[in-house]
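Student: I would like to go through this structure feature by feature. Please give the general idea each time, and then the case at hand.

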Amino acid sequence: MKSLVLGVDIGGTKVAAGLVNDAGKILSQVRLPMVADSSAEDAFASVCRVIDSALQSSVAPLGAIGVSSPGPLDPYSGVILKTPNLPCWRNFPLLEQIEQRYGLPTRVENDANAAGLAEAIWGAGAEARNVFYVTIGTGVGTAIILDKHIFHGRTGAAAEGGHMTIDLNAPVRCGCGKHGCLESLASGPAIAQRFRDCVKSSENGTQDGSATALAAITTQAVFDASDAGDPRATRIIHETTDILAVWLGNIVDLIEPDVIVIGGGVGTRLTNWLPRIAVGIPRWSINPRAAEIPLAPAHYGADSGLAGAAALWLTQAAVKHVAAQGE
């Protein structure tokens, strides 16, 4: 595809749009606030503003629009079903609305699936056939990419790996309603909360820190404290890596990917801890060759949504390019 694709990445607080070429390079991008807690029309207007702004910088014909959005959503119809991060939209026909306004073919995909596709085609999984992608941040999203194609399952709802139950007796209920989901144990907010609980009461039961100070503790602060040598913070990070190793051991037993790619804000901070996770995976897998599967940090970082949205249209061109290189 010689023309550019406009990638649109929708989040709960921001929406970004960027022009992407068929090599996966983001040529330009715009980020603006997302109005997610008002009406459906106001939210759609936020998306249109960033698209309009991005289109002003187009220097080549625009062939299509790809959209990355939090789920649950229907990737076949492009309808946003009901996602906690976008309370403005309930059964909202996003694909139809964009196509009507801009007159361009459009695809809509779950943000983790889109990001995983970009990593599988152009990023850390480009040399692999089958990729398991996980993004760890405010939540935990996953994607299964088989032969450079997203595995959607029967209805398009597959690969919600962040909501696999790790501890059915866990006291904390996940935002999805289940107990003991990986997201409720290893996401950014979960890491920060476990550290707050650790600080709140020392081993002798005395209070350590005011409520205001505790509330101000962020996930970033936990990693920073661990880097500075705080044993409590390091213990929380160790617990998190152990949980991830158990979970990924199950993933290896289930789909045995060629590579596991880890992205997201928390995932980026875990880069130096990937060797610890990798060592733990074989302990929780019956696969005798589990240790051969590499863990790789994501290539696109904060731009994964933009690249992934464009990859929804550029997949076939990219697959042909990869095949040609192998000849």
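Student: Are Phe44 and Phe92 buried or exposed?

Tutor: Keep in mind that this is a predicted model. Phe44 and Phe92 are both buried. For Phe92 the relative accessible area is 11%, and buried means under 20%.

Student: How many aromatic pairs does the structure hold, and how is such a pair read?

Tutor: A pair of aromatic rings is described by the distance of the centres and the angle of the planes. There are three aromatic pairs in this structure. In one of them, the ring centres of Phe44 and Phe92 are 6.1 Å apart and the planes stand at 50°, so this pair is tilted. Phe44 belongs to helix 1 (residues 40–55) and Phe92 to strand 7 (residues 90–93), so the pair links distant parts of the chain, 48 residues apart.

Student: What kind of pair do Trp89 and Phe92 form?

Tutor: A stacked one: the centres of Trp89 and Phe92 are 4.9 Å apart, with 0° between the planes. Trp89 has 0% relative accessibility and therefore counts as buried. Through ring pairs, Phe44, Trp89 and Phe92 are linked into a cluster.

Student: Which residue lies over the face of Trp313?

Tutor: Arg107 does, at 4.0 Å from the ring centre.

Student: Now the sheet. In what order do the five strands run?

Tutor: Strands of a sheet pair through backbone hydrogen bonds, either parallel or antiparallel. Here the order is 11-10-9-12-13, the sheet is open, and the pairing is mixed. Strand 11 (149–150) and strand 13 (295–297) are at the edges; each has a single partner strand, so one side of each has no neighbour in the sheet.

Student: How do strand 9 and strand 10 pair?

Tutor: In the antiparallel sense, over seven bridges, with strand 9 covering residues 130–136 and strand 10 covering residues 140–146.

Student: Which strands does helix 3 lie across, and which does helix 8 lie across?

Tutor: Helix 3 (residues 111–121) lies across strands 9, 10, 11 and 12, and runs at about 50° to strand 10. Helix 8 (residues 231–255) lies across strands 9, 10, 12 and 13, and runs at about 155° to strand 9.

Student: What should helix 5 span, and which of its residues are buried?

Tutor: Helix 5 (residues 188–200) has 13 residues and, at 1.5 Å a residue, should span 18 Å; its end C-alpha atoms are 18 Å apart, which agrees. For the second part, an α-helix has 3.6 residues a turn, so residues three or four places apart point the same way. The buried residues of helix 5 include Gly188, Ile191, Arg194, Phe195 and Cys198.

Student: What does Thr240 touch, leaving out residues up to four places away in sequence?

Tutor: Ala186, Ile191 and Arg194. Thr240 itself is placed in helix 8 and is buried, at a relative accessible area of 0%. Ile191 and Arg194 are among the buried residues of helix 5.

Student: Where is Pro257 found, and what does it touch?

Tutor: Pro257 sits in the loop between helix 8 and strand 12. Pro257 is buried, with a relative accessible area of 3%. Not counting residues up to four places away in sequence, Pro257 touches Asn130, Val131, Phe132, Ile251, Val252 and Ile293. Pro257 and Ala143 are 114 residues apart in sequence, while their C-alpha atoms are 11 Å apart in space.

Notes
Residues numbered from 1 in each chain as written. Predicted model: local features only at pLDDT ≥ 70, side-chain atom pairs only at ≥ 80, totals over all residues. Heavy atoms only, no water. Phe/Tyr/Trp six-rings, centres within 6.5 Å; stacked < 30°, edge-to-face > 60°. Helix = DSSP H or I, 4+ residues; strand = E, 2+ residues; numbered from the N terminus. Buried < 20%, exposed > 50% of the residue type's maximum accessible area, 1.4 Å probe, protein only. Lys NZ or Arg CZ within 6 Å of the ring centre and 35° of its normal. Pairing = 2+ DSSP bridges. Contact = heavy atoms within 4.5 Å. Axes fitted to C-alpha atoms, helices over the stretch in contact; angles between N-to-C directions. Expected span 1.5 Å × (residues − 1).
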